[in-house]
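Here are my notes for you on this protein. Keep the model open while you read, and click on each residue as it comes up.

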Amino acid sequence: MKKEIGKFFILIVPVVFMLSCSKKEINVHSISVLPQTQGFSKEYTFNRQPLQSSYMAKLPLGSIHAKGWLHHQLELMADGMTGHLTEISNFLKPNNGWLGGENDGWEEQAYWFRGFYSLSVLTGDPRLQGESQRWIEAIISSQDNDGYFGPKNRKCIVGNNGQKVCDLWPHMIMIEALISHYEATGDKRVPRLLERFFQFCQNLPDDQFIPLIDITSFGYWQPSIQSDRAGDMIPSIVWLYNQTGESWLLDLAWRFYRRIAQPSGTFLDNHVINFTQRFAYAGIFSQISKESWQMELTEYWYKEHMTAWGQTPGGIFAADERIRPGYVDPRQGFETCGFGEFARSFYLLARLTGKTVYADRTEDLLFNHFPAAMTPDLKGLHYLTASNQPQLDAGESHDYNNKGRQIS
């Protein structure tokens, strides 16, 4: 598979805003005690029936204002890559598909905007907020009469073999930015847009809804990604269900879950991002199915993978885009994008279970290894980070599966 350049855009903004609260106050020192799931809160959204009640709820974006070191990190982001990427990235030019242009619009723009929007709210920076609003208006106004929104060339992709596919993967990312916008502003256009879009997804014929794709005969690899990552739509569907109570949304969640690709081997998936997202899908879906074994399955996949490939400090595993037999130690790199997706999975699992182990895993990941992936001013990063790598250079001869200038 080609290098997923768009993943360079995954930054630490999601780590900042995924703060949670329990339904009732608990002693923060009693970390072994789970918060209660009974009661009702008018301020925060917990799962409606018949969903399994969640132990925690995400605080709405903008309800917490950072100070001190955390505030300084936000300033660095605004002054660094995240805040200025539109000035240097070919993906973010005005003619990209997400802004209504003729050029492609896929995951690259969505990954960036998911973090950028949150950063604009958390900093209150007028420049960032103006840019965010420009994107929000373009995205919302792109919705067709049938409910589809976003890049037009993703609505129906025709392969060399004549197969027709609707590529829903980039929407799974961009919808999170739209939900953040609703949380921060109360813009009622967002729930309506999502309801119509999910109806579009529900109405897609089976042969166009996340079908299996033979890349060789289809001639194009990008639409195949959604099969591995179909579970990423489920949290957004659950969010809208909690807003509206429309039962058909849970049926749609089942439809997405059933389209997740089957495990590709002993370790679920050999691709970094696929694994950091996929291992959590069963546990996340257990709030709908109420099957406890699904949360156990999530832990099984995590432990099976980390026991074999996690022979490196910092909460990561050895995989420079892919795990490779015999390459399990700290000399192996880990993609920068993996930090963001691994942490996001831990956030979602912590919200459902209330278990502090997911906070521990997040801390291990983001404080002990992630900072080495970027320059201190957050104006540069490298694609791969290895614990036991004494130098960074522009050489392409390193013993990595993913060739090219990966560590400069």
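1. Let's start with a pair of helices. α5 and helix α6 (residues 169–185) pack at an angle of about 115°, and their axes are 11 Å apart. Axes here are lines fitted to C-alpha atoms, for helices over the stretch in contact, with angles between N-to-C directions running from 0 to 180 degrees. The angle makes α5 roughly perpendicular to α6 (under 35 degrees counts as roughly parallel, over 145 as roughly antiparallel, 65 to 115 as roughly perpendicular and the rest as oblique). Their crossing is left-handed, a term for a near helix turned anticlockwise from the far one by less than a right angle, clockwise being right-handed.

2. Who does the touching? On the α5 side we have Gln133, Ile136 and Ile139, and on the α6 side Met174, Leu178 and His181. A contact means heavy atoms within 4.5 Å. Sorted by class, this contact has four nonpolar, two polar and no charged residues (Ala, Val, Leu, Ile, Met, Phe, Trp, Tyr, Cys and Pro count as nonpolar, Asp, Glu, Lys and Arg as charged, and the others, Gly among them, as polar).

3. A word on ground rules. This is a predicted model, where local features need pLDDT of at least 70 and side-chain atom pairs count only at pLDDT 80 or more, while totals for chains, interfaces and linings use all residues. Residues are numbered from 1 along each chain as its sequence is written, and side-chain values use heavy atoms, leaving out hydrogens and water.

4. Now zoom out. The protein has 16 helices and six strands; these are DSSP runs numbered from the N terminus, helices being H or I with at least four residues and strands E with at least two. Of its 408 residues, 57% count as buried (under 20% relative accessible area; exposed is over 50%, partly exposed in between, with a 1.4 Å probe and protein chains only). Among contacts with a separation of 6 or more, 69% come from residues 24 or more positions apart.

5. Back to α5, this time with α4. Helix α4 (residues 107–123) packs against α5 (residues 126–141) at about 135°, with the axes 9 Å apart. The two are therefore oblique to each other, and this crossing is left-handed. The α4 side of the contact includes Trp112, Phe116 and Val121, and the α5 side includes Leu128, Trp135 and Ile136. The class count is 10 nonpolar, five polar and one charged.

6. Follow Val121 in α4. Beyond residues up to four places away in sequence, Val121 touches Leu61, Gly62, Gln129 and Ala184. Val121 and Leu61 are 60 residues apart in sequence, yet their C-alpha atoms are 7.4 Å apart.

7. Is Gln226 buried or exposed? Gln226 has a relative accessible area of 0%, so it is buried. You'll find Gln226 in helix α9 (residues 225–228). A polar atom of the Gln226 side chain lies 3.1 Å from the backbone oxygen of Cys166. Leaving aside neighbours within four places in sequence, the residues in contact with Gln226 include Cys166, Trp169 and Ile210.

8. Two more stops. Trp239 sits in helix α10 (residues 234–244) and is buried at 13% relative accessible area. Arg361, in helix α16 (residues 357–368), counts as buried because its relative accessibility is 12%. Setting aside residues up to four places away in sequence, Arg361 touches Glu299, Tyr302 and Phe346.

Note on methods
A polar contact is a pair of N or O atoms within 3.5 Å; within protein, one must be able to donate a hydrogen and the other to accept it, and residues adjacent in sequence count only if both atoms are side-chain atoms.
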